[in-house]
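Here is a short tour of one protein model, with a helix and several salt bridges as the stops. Have the viewer open as you read.

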Amino acid sequence: MKLFRVSLSACLALLLFLFLWSFAGPLRAGVVLDEHPRGVLLNATDALQWLPDADGQWTLQQVRQLQQAGRFLPARLLPRHLDNDRPLWFKLQLQQRAAYGDWVLATGTTAIRDVQFYGPFDAAGRALAEPVHTGLSQPYATRPLGSERYVMRLLLPEPGDYTVYVRLQGGSAPIFDISAWDAAQYLQWRQHKRLFDGICYGILLALLVYNLALSFTFRDAVYGLYLGQCLMALLTLASFNGHAAHYLWGQWPGWQERGNVVPASLWLMFGVLFARSFLETRLLPWLDRLLLAGAALLLAVALLGGWGAFALAQAINESLAWVCVLLATGAALVMLRRGFALAWWYLAGQGVLFLLVLGVVLANWKWLDAPFLQANGLQIGVAAEMVVFALALASRVRDLRTAQIELRLHADHLQRAAHTDPLTGLANRAGLARGAQRLLGRGGGHALLLLDLDRFKPINDTWGHDAGDAVLRAVAERLQSQLRAGDLCARLGGDEFVILLSQPLSHESLQALVHRLGAVIGAPVDYQGQALQVGASIGIACSPQDGQPLAELMRSADEAMYQAKQRGTGYAFKAG
């Protein structure tokens, strides 16, 4: 057993030796800059080595002494998750073959609190330039070439080997990538990046302005939440890309790092509230409460980041982002199962952003070789998500307008039913009152005819109410056929009808109309092979002499109708 343990220890020691030996040769090799004018990621080569600063107090001289002791490790062994407050030292070994070189070293992110470049040192150990001290903790003016990322310009006067030391102390989300470029190529790439960033910003600004106008039009809370989400997404991207520090708060270093945390927290908060409002999660009380709690926590994280706890706030942001996305996605799926079709739009927007963010993460972890996606994936995803959500809001507006039209049609139908006699389709008392208000309100002369059917009761008594209803429907149709388009015909109930003429008629014309009405009413009505016949007594009142309001005209017409029945003349005018 003892021999076995000794053998096992020897094998492990041998494997460890072979592992470390595999890096020993490459550690002495440097990147040939002339072979990579369009940029090379030094982390993927053997030219970059790193060393953690144990107490954060090491000087360049101490680090150069540690270099001699072989304490540096290859960058490929750099852990993905590091203590943000512990500085890291990097040593870059570079080689130039050309007689003269103008190169740029650039970090992979803008979210680093403190950045210090030392060198380049030639083979004799002489520094060829002053150190560069920049980062989020420094004013924007300290960044060479006005670059949003942290860079060092290397002017190498002759062929040879050069060494650069870089001290990085993390920020809210450090990605310790360092690349080397030909200066002209870097500036060209930077212009292309700015152009692409400007397109993404333009899309977000256009959506912001467009939906701001819609929010004033529709007064819907979901538009306000969308505007908040869009604005905070724009500020988040501008902060991550360094443009916020460049153009908004470059003279206030404290706001530069807050800009990498606070807008992101508020973006997530507005995104949660937008999901809650858009998906109408109030129908799912337990899930709605969870989303509200997530939004409240994100607001607290924004305050925490504003206070200065950047690393803690960023860590909570990352955790809450996944939790809230899962909650909102779950809510969308539940609402989709309940028939809420707009949930498809929300899932599409989240899906686009998720896939692109996943691509960025995989590229950062070096599992995916996609530099363009790594540099631009987040803003592409954000812009795409906002476009999809804008389309979702447009679809929502269309659905709301359709629902409003249906409600209005239903309301109109109910209103017509409330003002219509269900048996004859004529206006009822309420319909007569509304129509008379409209007609009599115009002024001028009008005539009101009150009709009471004669010999109607025997029909009901002999043939039943169905026969009486058939007679009433026939009389209503015949009355309507004798009237003009603007005239109003109503059934008051039983066998009483009212006609209100929209335009004045002479005495002779009224007499002719009454004779026609009496003739059509008196024509037989066929009911199951029986000819049923009724007559009518008609009272006529004219405005303004017989009254102006409807009630006065009705009383006058009722007096005239009573006279017509008494005299047996069929009709009578209101006696002056």
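What covers the buried residues of H12? The cover includes strand E12 (446-454), strand E13 (488-493), strand E14 (496-501) and helix H16 (550-567).

## About the model

This is a predicted model, where local features need pLDDT of at least 70, side-chain atom pairs count only at pLDDT 80 or more, and totals for chains, interfaces and linings use all residues. Residues are numbered from 1 along each chain as its sequence is written, and side-chain values use heavy atoms, leaving out hydrogens and water.

## Helix H12

H12 spans residues 429-440; helices (H or I, at least four residues) and strands (E, at least two) are DSSP runs, numbered from the N terminus. Its buried residues are Gly 431, Leu 432, Gly 435, Ala 436, Leu 439 and Leu 440, where buried means under 20% relative accessible area, exposed over 50%, and partly exposed in between (1.4 Å probe, protein chains only).

## Salt bridges

The whole structure holds 15 salt bridges, each a side-chain nitrogen of Lys or Arg within 4 Å of a carboxyl oxygen of Asp or Glu. One of them joins Asp 421 and Arg 491 (3.2 Å, N to O). Asp 421 lies in the loop between helix H11 (371-418) and H12, and Arg 491 in strand E13, so the pair ties together parts 70 residues apart in sequence. Asp 421 is buried at 9% relative accessibility, and Arg 491 is buried at 13%.

Terms used. The expected span of a helix is 1.5 Å times one less than its number of residues. Contact means heavy atoms within 4.5 Å.
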